[in-house]
Amino acid sequence: MEKQIVNSVCGPIDPKSLGFTLTHEHFSLDFEKFYASPPVGVEDYIDDKITLNNVGYVRQYPYSSRFNINFQDDETHQAVLKDVTNFKHSGGGTIVENTSHGLNRNLELMYQISKKCNINVIAGTGHYVQAVQTGSVINSTIEELTDLYTKEILFGVPVVGCDDHGGLIKCGIIGEVGSSWPITTFEKKAIQATAETQSILKCPVSFHPGRDKKAPFEIIRLYLEAGGNADKCVMSHLDRTLLHDEDLQEFANLGTYCQFDLFGTECSYYQLNPTSYMQSDEQRLNHILELINAGCSDKILISHDIHTKHRLIEFGGHGYAHILNNILMRFSLKGVDLNTIDDITIKNPAKWLQMEA
């Protein structure tokens, strides 16, 4: 039997050593493309900094503050470092950093945070939505995309400041692989390239669906038809995409991991999809309970998808330890046993992330 490993930014590790794992987070990314003008009457309250006087507005309209969506400056990086340290002190073990091509991935920062905070960090390859890609990338062939993903997983990426493994960092997943709705031609190529790479390397993958309930199903159809393995696939953001239990159950039957990764995000108006709404943590928990009762606890993952300043503790947010400190107790109060909680937060992530050495 082949040895199973997980590719971390500091080298291969034993899947059994991951501990409590957040499967969808960000330390640094460029989200400027998704800026949204604030509504009339709010613009005067959202200025260059987050303060006690405006943090309430920023929480409701997070993409209307350019300061808030600048998640790649030194101030943010220092806040992330403090926040990840708190995650470690709260019992955290591993974070999967899902920033992919098109979002200005920062592998050096991932490496430094892993070293300084003594946690495992898993980096992703793959491409985000077409809207953030350059023309040359959009025109890439499936073969070129497959070649890139394969090289970044098998051989690694040269990173300044990396003192391990010849200065190379190997990616541990393909993700997040982003698509809009309807799915564009480039995004279809990225999904197919992800499937082809996965079928050869048996690596884990993670998808970001467009904001339509048909999107997760269409992504998986394309992925499976191209040869991808459902057992190694995560569908992210189901807590803002599939809002009804019957849709979630239908999707869960496809065999992928069902990820609820917006814990801590609660707002009255969902800027990125005004025709829908952002669920509360209580609603997320109740949907997860339905899946657990349906026998799907081995296919559930949870995380926060922190990608704006206002969700970091330094700027008045809940931080990377929110699930550990505030959500796990809610599982217990709702009657979920400790073994099931361990499945969702420790065993499922380890099974998803492991690949052959």
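Modeller: Let's begin with helices and strands: they are DSSP runs numbered from the N terminus, where a helix is H or I over at least four residues and a strand is E over at least two. This is a predicted model, in which local features need pLDDT of at least 70, side-chain atom pairs count only at pLDDT 80 or more, and totals for chains, interfaces and linings use all residues. Residues are numbered from 1 along each chain as its sequence is written, and side-chain values use heavy atoms, with hydrogens and water left out.

Colleague: What makes α10 a helix, and how far does α10 reach from its first C-alpha to its last?

Modeller: α10 covers residues 281-293, which is 13 residues, and a helix needs at least four, so α10 passes. It reaches 18 Å, close to the 18 Å expected at 1.5 Å a residue. The expected span is 1.5 Å times one less than the number of residues.

Colleague: Which residues of α10 are buried, and what do they pack against?

Modeller: Asp-281, Arg-284, Leu-285, His-287, Ile-288, Leu-289, Leu-291 and Ile-292 are the buried ones. Buried means under 20% relative accessible area, exposed means over 50%, and partly exposed is in between (1.4 Å probe, protein chains only). These buried residues pack against α9 (245-252), β13 (257-260), β14 (300-302), α11 (322-333) and α12 (338-353). Just after α10, Gly-295 takes a positive phi of about 85°.

Colleague: Why does Thr-340 count as buried?

Modeller: Its relative accessibility is 10%, and the cut-off is under 20%, so Thr-340 counts as buried. Thr-340 lies in helix α12. Leaving aside neighbours within four places in sequence, Thr-340 is in contact with Ile-292 and Ser-297; contact means heavy atoms within 4.5 Å.

Colleague: And Leu-254: does it count as buried, exposed or partly exposed, and why?

Modeller: Leu-254 has 34% relative accessibility, which falls between 20% and 50%, so Leu-254 is partly exposed. You'll find Leu-254 in the loop between α9 and β13. With neighbours within four places set aside, Leu-254 is in contact with Phe-217, Ile-220 and Ala-230. Leu-254 and Leu-291 are 37 residues apart in sequence and 13 Å apart in space, C-alpha to C-alpha.

Colleague: What makes something a nonpolar core, and how many residues does the largest one have?

Modeller: A core is a set of buried Ala, Val, Leu, Ile, Met, Phe, Trp, Tyr and Cys residues joined through side-chain atoms within 4.5 Å. The largest here has 92 residues, and Phe-27 and Tyr-320 have the most contacts inside it. Not counting residues up to four places away in sequence, Phe-27 touches several residues, including Phe-71, Val-80, Ile-95, Leu-109 and Tyr-320.

Colleague: What stands out about the phi of His-237?

Modeller: Most residues other than glycine have a negative phi, and most peptide bonds are trans. His-237 has a positive phi of about 60° although it is not a glycine. At 3% relative accessibility, under 20%, His-237 is buried too. Asp-305 has a positive phi of about 55°, and Asp-305 is not a glycine either; with a relative accessible area of 6%, Asp-305 is buried.

Colleague: Which residues does a cis peptide bond join?

Modeller: Gly-175 and Glu-176, where omega is about 0°. The bond from Trp-181 to Pro-182 is also cis, with omega near -5°. Glu-176 lies in strand β10 (residues 173-178), while Pro-182 is in the loop between β10 and α7.
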